[in-house]
Amino acid sequence: MHLVNKLSSSGSSRPFPVPSREPSSVEKIVEIDEHIGCAMSGLIADACTLVEHARVETQNHRFSYGEPMTVESTTQALCDLALRFGEGDEESMANTDFLLNNCASRLWFPLVCCGLRKGMGVSRPFGVSLLIAGHDENGPSLYYMDPSGTFWQCGAKAIGSGSEGADSSLQEQYGKDLTLQETETIPLSILKQVMEEKVTPNNVDIAKVSPNYHLYSPSEAEAVIARL
Amino acid sequence: MTKQQANWSPYDFNGGTCVAVAGADYCVIAADTRMSTGYNILTRDYSKICKLADKSFLASSGFQADVRALQKHLEARHLIYQHQHNKQMSCPAMAQLLSNTLYYKRFFPYYAFNVLGGLDNEGKGCVFTYDAVGSYEKVGYSSQGSGAKLIMPFLDNQLKAPSPLLLPARDAVTPLSEPEAIDLVKTAFASATERDIYTVSVNGDKLEIVVLNSEGMRREYMDLRKD
């Protein structure tokens, strides 16, 4: 499970090619809104809860304000969820009532998803790190979020099992003035270094946000792999 | 047994008229300053124009208690937005928020007839006009309130763009310059004053005009007919 993300494109690998496993069922890069994508590493089920929450938040924002949500605000909305675990010590329902009545139920649905109903708490943190990449009025941006709920803005980042090596390779190769082609091949070549098996269109996912989210089809991925 | 009828109404009508006109790089928002109830004047000096954001001004006529509550609600929401997103709300975003806020009370409406005026993210003037339950439209000019039926036909005559059914879609902002637009608004109110008792300005009643452009905001007052 290696994930490498550079401003505007990201690559992730699928784990251990077990012959009986269907590779296309492993989805580690997903769309949050048409201008924001997300790559995940860790407990994928937890990541799906977070992604669902982000999707709801971004659509609520579009409904309320008629505009796309900025990438930083989306990341912040996810980080707001991270520390809400423990036994029944959630924020009081009085707070959520104000939000309920005035923000058109924007928080209620995801809170219920997380089991945060009166008296019932989530028992553990989300065991997942996310890379949130998107394009808004401030240009393209990339944010890294960890289970503590802290987020950093990055130009390039790697997460997952090979991330230490990948991160240091990224440091060397990243620059703010890379072309789109380079941001495609650099993460993929770093993935190649840290992956045990050979890189093929079936065991990596590549996606870009420029300015809309797009997950590469196998043939497009093939084209990038050929350039390595 | 006949059905019991209410012997009071939660609403009152405080009169007044609001107008807004959008230009290429400015927006003019105007409203009279009279507040009345029935045939009585409550005050001659009441502002119906409220600043919601740096580039969004709301002018509302109708029931001023509901108008004030609506203004407070929107101001609070704007503050929350600034805290969460680290920026001011754009006028189109405020327009959507106002629409949602009004519709939220679809079954006990805010008795407020609104015109939202401001500059969009590119600095172009924009005007949004509403009904009491949040149906809204981006337009080049609009008026609401007791004098609207007198002012709107005049504005249509002076400012109406070619039919919106023509393609390509033409923007409705007026090509008039800022001083010309202000003059037009003053003329419109002077006419409405002649015939609408709720929009008259007697000794002291005024017309309040807010002009928003790239340099910022300024507020002018003009005396209307004194009777």
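Which residue of β6(B) stands opposite B:Ile49? The residue opposite B:Ile49 is B:Ala59 in β6(B), and the strands around this pair are described below.

## Basis of the report

This is a predicted model, in which local features need pLDDT of at least 70 and side-chain atom pairs count only at pLDDT 80 or more, while totals for chains, interfaces and linings use all residues. Residues are numbered from 1 along each chain as its sequence is written, chains are lettered from A and ligands numbered from 1 in the order in which they are written, and side-chain values use heavy atoms, with hydrogens and water left out.

## Strand β6 of chain B and its partners

Helices (H or I, at least four residues) and strands (E, at least two) are DSSP runs numbered from the N terminus. Two strands pair if DSSP finds at least two bridges between them. Strand β5 (residues 49-53) of chain B is joined to β6(B) by four bridges in the antiparallel sense, and the two form a hairpin with two residues between them. On β6(B) there is also antiparallel pairing with strand β7 (residues 112-119) of chain B, over seven bridges; here B:Ser61 has B:Phe113 as its bridge partner in β7(B).

Strand β6 (residues 56-62) of chain B is mostly covered, with seven of its seven residues buried; buried means under 20% relative accessible area, exposed over 50%, and partly exposed in between (1.4 Å probe, protein chains only). In a regular strand the side chains alternate between the two faces of the sheet. In β6(B), B:Ser56, B:Leu58, B:Ser60 and B:Gly62 point one way, B:Phe57, B:Ala59 and B:Ser61 point the other way, and all are buried.

## A five-stranded sheet in chain B

An open sheet of five strands has the order β10-β1-β2-β11-β12 (chain B), with antiparallel pairing. Strands β10 (141-145) and β12 (216-223) of chain B stand at the edges with a single partner strand each, so one side of each is left without a neighbour in the sheet. From one strand to the next, the twist averages 15°. Eight bridges link strand β11 (residues 206-213) of chain B to the antiparallel β12(B), and B:Val210 stands opposite B:Arg219 in β12(B).

Helix α3 (residues 148-159) of chain B touches β1 (17-22) and β10 of chain B, and its direction makes about 170° with that of β10(B). Helix α4 (residues 178-195) of chain B touches β1, β2 (26-32), β11 and β12 of chain B, its direction making about 20° with that of β2(B).

## A buried aspartate in chain A

A:Asp46 lies in helix α1 (residues 44-65) of chain A and, at 7% relative accessibility, counts as buried. The side chain of A:Asp46 reaches the backbone nitrogen of A:Gly127 at 2.8 Å. Leaving aside residues up to four places away in sequence, A:Asp46 touches A:Arg124, A:Pro125, A:Phe126, A:Gly127 and A:Val128.

For A:Cys48, the nearest cysteine sulfur is that of A:Cys38, 9.4 Å away; A:Cys48 counts as partly exposed at 44% relative accessibility. The sulfur of A:Cys79 is 11 Å from the closest cysteine sulfur, in A:Cys38, too far for a bond, and A:Cys79 counts as buried at 7% relative accessibility.

Methods. Axes are lines fitted to C-alpha atoms, for helices over the stretch in contact, and angles run from 0 to 180 degrees between N-to-C directions. Contact means heavy atoms within 4.5 Å. A polar contact is a pair of N or O atoms within 3.5 Å; within protein, one must be able to donate a hydrogen and the other to accept it, and residues adjacent in sequence count only if both atoms are side-chain atoms. A disulfide is a pair of cysteine sulfur atoms within 2.5 Å.
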